[in-house]
Amino acid sequence: MARRKRRPLIPEAREGLDQLKANVMRKQGYQTDPSNPDNVKYEVAKELGIPLKEDYNGNLTSKQAGKVGGNIGGNMVKEMIRMAQENLNKRG
């Protein structure tokens, strides 16, 4: 089964999102590869004890997959909110 990669609404934003992911996860103490920040999910999964592999992962439960993605996405959202609040404070 081919892996599905989510696409941003604005394709030009991919590089910025990848940079954000790498920076956020580095701040969380994870090793990130700036050229392929998606690989941090394997480190997160290993830390959580979830058997995420590079090929087929159909044996994972939704809960397991959500823990990996939630850890990464949740930290990215927190950082975006912090950045937006900082930006608003500068304006006002």
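How exposed is M80, in terms of relative accessibility?

1. M80 counts as partly exposed because its relative accessibility is 39% (buried means under 20% relative accessible area, exposed over 50%, partly exposed in between, with a 1.4 Å probe and protein chains only). M80 lies in helix 3.

2. On the basis of the note: this is a predicted model, in which local features need pLDDT of at least 70 and side-chain atom pairs count only at pLDDT 80 or more, while totals for chains, interfaces and linings use all residues. Residues are numbered from 1 along each chain as its sequence is written, and side-chain values use heavy atoms, with hydrogens and water left out.

3. Helix 3 has 30 residues and spans 41 Å from first to last C-alpha, close to the expected 44 Å (1.5 Å times one less than the number of residues). Helices are DSSP runs of H or I, at least four residues, numbered from the N terminus. At G70, helix 3 bends by about 30 degrees (the angle between axes fitted to the seven residues ending there and the seven starting there).

4. The buried residues of helix 3 are V68, I72, N75, M76 and E79. They pack against helix 1 and helix 2 (40-48). From helix 1 (residues 14-27), K21 is in contact with I72 and M76, among others, leaving aside neighbours within four places in sequence (contact means heavy atoms within 4.5 Å). K21 is buried, with a relative accessible area of 13%.

5. K78 also lies in helix 3, but K78 is exposed, at 59% relative accessible area. Its C-alpha atom is separated by 18 Å from that of D38, 40 residues apart along the chain.

6. The whole structure holds 5 salt bridges (a side-chain nitrogen of Lys or Arg within 4 Å of a carboxyl oxygen of Asp or Glu). One of them joins K27 and E79, with the closest N and O atoms 3.6 Å apart. This pair links distant parts of the chain, with K27 in helix 1 and E79 in helix 3, 52 residues apart. K27 is exposed, at 61% relative accessible area, whereas E79 is buried, at 13%.

7. E79 also forms a salt bridge with R82, the closest N and O atoms being 2.7 Å apart. R82 and E79 are 3 residues apart in helix 3, about one turn of the helix. R82 forms a salt bridge with E86 as well, at 2.8 Å. Through shared partners, salt bridges join K27, E79, R82 and E86 into one network.

Notes:
Helices (H or I, at least four residues) and strands (E, at least two) are DSSP runs, numbered from the N terminus.
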